[in-house]
Amino acid sequence: MIRLSNVFSDWMVLQRDTSENMVWGYAEPDSYVSITLAKNHPETGEAEIEFEGGVTIKNGDGYFEIVLRSFPAGGDYTLTVSDSKDAYEFKHITFGDVFVCGGQSNMELPLNRTLERYEEEIINTCDTDIRFFRVPEKYNFHGTEEMIENGSWKYAKMPEILDFGAVAYFTAQEIKNREGVPVGIYNTAIGGTPIKSWVGEKTMRALGLHEAEYEECKNDAWVKETIETEAKADMAWREDADKSFDADLSGNLSGTFSVPGFFEGTPLGGKCLAVLFKKEFTLPEGWTEDEVKLYLGAIIDSDKVYVNGQFVGETGYLYPPRIYRIPKGVLKTGLNTIEIKLLVFRREGGFMPGKEYQLKRPDGETVSLSGDWEYTVAKEMPYIENLTFFSYKATGVYNCMIYPLRRQQCRGFFFYQGESNVDDYATYKDEFEAVIKDWRHIWRDDTLPFMFVQIAGFSDGNRKAYFGRRSFFTEEQRKCTELPGTALIQAYDLGEFNDLHPTNKKEVGRRGALAAETLVYGRGAYAPGPEMKEVIWKDGGAEVVFSEKLILSHGYGVITGPDRDEKNIIGFEYISDGRHIAAEAEFTAEDRVFVKFPADVKIEALTYAWTDSPLDANLYSEDRLPVVPFYVNA
């Protein structure tokens with residue numbers, strides 16, 4: 001009997017041009033396991049065996065491995081693994097460049113969430129040279145595991161492509177187009193995971209961090225009880241809230257609320273609620289003939305939506321965009337009604353500013369739903385704590401989702417993580433560098449390229465907010481490039497002030513491929529963007545010298561509007577008396593900018609793009625890579 005990891009499946013990608021690929025698994029002691037790799041010829045349909053190998057199991061645990069010879073990129077192969085009892089056949093195996101992708105939600109985010117931006121491209125894709133293995137989410141606090149027990153390889157076609165991670169897909173697409181080879185992706189990302197989830201136990205203990213948490217999670221009974229108790233309480237809370245909408249609501253707190261906006265500072269602020277929102281609107285003729293999209297931005301926290309009494313969609317938590325399809329015949333010419341049963345979990349409800357609140361027909365015609373909505377509070381609810389997600393705990397997912405991949409040869413790693421560490425950036429450099437070293441160690445190659453994305457700009461829906469946390473965190477990310485063979489992929493300019501999950505993933509992929517062009521393929525000198533080389537303090541200002549020529553521009557795919565200033569340099573601030581103050585600046589040479597300071601003001605520091613959401617900053621390289629943020633004391 002043979003047991004194989006699920007990484008062996010139809011459509012698998014094996015690393016090209018290496019003699020270290022192996023077929024491995026477990027079989028009965030003293031049995032003989034054989035493999036064949038047969039190339040399928042597209043014209044004749046015949047298969048020709050190009051590799052044969054076998055091994056007799058001598059060790060007690062039944063582990064075996066058979067190493068393949070080197071194969072070039074491409075090909076359509078059938079892999080057969082057999083012993084005296086079993087035979088497994090895996091079709092459409094190919095050789096190409098394999099990458100392991102990890103991180104949290106912005107790496108996990110599927111292409112399905114980017115359809116509003118890339119729908120035509122995505123639904124028309126059919127590409128067998130881009131393949132994806134989603135490593136199933138799993139954790140273990142007792143030690144490392146050997147096998148991936150679920151999942152399978154898929155290639156880029158509908159509908160499977162909708163589940164591909166968007167950053168991973170667009171990076172793979174760009175690399176495939178540049179290098180002309182198939183690309184395989186193992187995606188291990190889990191939304192919300194902090195950096196401690198992705199490091200090994202030994203390293204974690206050496207750092208002296210999270211040991212008590214790890215020991216606590218070894219108590220399986222406690223973990224099980226916690227999950228069951230919290231899930232039961234959460235379900236009871238939601239059921240109680242849902243039932244409240246069926247009660248007589250007359251006499252309950254009611255009024256009007258202007259959408260979009262946060263509840264803070266209104267009668268709805270600071271409360272956990274079940275609240276019914278209602279809006280009546282009039283439609284002209286022609287709106288009943290097609291399916292119509294309903295855009296309700298992002299609602300904090302949970303919603304169920306009804307149009308003219310018919311349920312059209314629901315979302316159970318904060319982040320996903322609310323885009324619901326209204327079937328043909330639901331809308332009426334004349335008066336219509338939308339109702340939202342909204343739940344606020346943690347006293348910070350509202351409708352995210354800056355999002356679309358409208359109806360849209362296929363021809364592009366829209367009807368705005370912004371403005372006053374009537375509301376009635378169905379019930380004021382008790383506060384409920386967030387669920388405990390054990391995937392977020394130290395080392396657990398490393399043991400089950402990274403360690404079991406270590407035998408799969410790859411060209412490098414792409415990583416996009418950090419949103420969950422913004423508020424505790426002090427130890428991030430040590431922890432992230434430990435992750436990089438751990439992953440390289442178990443792949444037995446300290447030179448494997450590690451390319452990581454700087455988190456995107458975001459300011460909790462407050463366009464002018466300055467919290468200062470993200471800039472200091474992203475600086476800790478940048479410092480990790482001190483490790484050899486690493487590259488920072490900038491993305492601060494690709495963010496959205498009101499969305500933790502911006503959809504401009506194609507440009508992230510382009511920038512990722514630029515990093516790979518140098519670190520993986522050895523061409524050129526990679527730079528994440530123009531970098532500050534020197535600040536020359538002068539009367540009335542400071543001259544900033546950069547590493548390359550600058551232009552006023554914006555990133556590819558960035559949605560610009562009339563409020564974006566691309567005639568004047570935006571992004572510099574000086575700090576005086578602890579306050580960040582926007583500064584005027586002008587070019588003095590193609591790689592130099594003079595930043596002006598007012599007279600008689602004590603300057604403490606000069607910064608560029610040093611805010612939580614520096615989306616207006618507009619200095620770029622000629623290849624549209626943004627200037628690297630900096631903070632320089634005077």
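**Ground rules**

I number residues from 1 along each chain as its sequence is written, and I use heavy atoms for side-chain values, with hydrogens and water left out. As this is a predicted model, local features need pLDDT of at least 70 and side-chain atom pairs count only at pLDDT 80 or more, while totals for chains, interfaces and linings use all residues.

**Entry 1: a sheet**

I took helices (H or I, at least four residues) and strands (E, at least two) as DSSP runs, numbered from the N terminus. Two strands pair if DSSP finds at least two bridges between them. I found 4 strands in an open sheet, ordered 18-14-21-22, with antiparallel pairing. Strand 18 (323-326) and strand 22 (366-368) are the edges; each has a single partner strand, so one side of each has no neighbour in the sheet. On average, neighbouring strands here are turned by 20° against each other, direction ignored. For that angle, axes are lines fitted to C-alpha atoms, for helices over the stretch in contact, and angles run from 0 to 180 degrees between N-to-C directions.

I then checked strand 14 (residues 292-296), which pairs with strand 18 in the antiparallel sense over 4 bridges. K293 has R325 in strand 18 as its bridge partner.

**Entry 2: E543**

E543 sits in strand 28 (residues 541-546). Is E543 buried or exposed? I get 8% relative accessibility, so E543 counts as buried; the classes are buried under 20% relative accessible area, exposed over 50%, and partly exposed in between (1.4 Å probe, protein chains only).

Its side chain makes a polar contact with the side chain of T588 at 2.8 Å. A polar contact is a pair of N or O atoms within 3.5 Å; within protein, one must be able to donate a hydrogen and the other to accept it, and residues adjacent in sequence count only if both atoms are side-chain atoms. Leaving aside neighbours within four places in sequence, E543 also has contacts (heavy atoms within 4.5 Å) that include I536, K538, R592 and F594.

**Entry 3: cores**

I define a nonpolar core as a set of buried Ala, Val, Leu, Ile, Met, Phe, Trp, Tyr and Cys residues joined through side-chain atoms within 4.5 Å. The largest has 113 residues, and V81, Y186, F432 and W439 have the most contacts inside it. A second, separate core has 36 residues, including L294, V330, M352 and Y375.

Beyond four places in sequence, Y186 is in contact with, among others, M12, F99, F133, W153 and L405.

**Entry 4: salt bridges**

My rule is a side-chain nitrogen of Lys or Arg within 4 Å of a carboxyl oxygen of Asp or Glu. That gives 48 salt bridges.

- D97 and R411 form one, with the closest N and O atoms 3.4 Å apart. D97 is in strand 7 (residues 87-103) and R411 in the loop between helix 7 (396-402) and strand 24 (412-416), 314 residues apart. D97 is buried at 0%, whereas R411 is partly exposed at 23%.
- E146 and R406 meet at 2.9 Å, N to O. E146 lies in the loop between strand 8 (126-134) and strand 9 (153-157) and R406 in the loop between helix 7 and strand 24, so the pair ties together parts 260 residues apart in sequence. E146 is partly exposed at 24%, and R406 is buried at 13%.
- R205 and E201 pair at 2.9 Å, both in helix 4 (residues 201-207), 4 residues apart, about one turn.
- E174, R178, E179, E517 and R523 are linked in a salt-bridge network.
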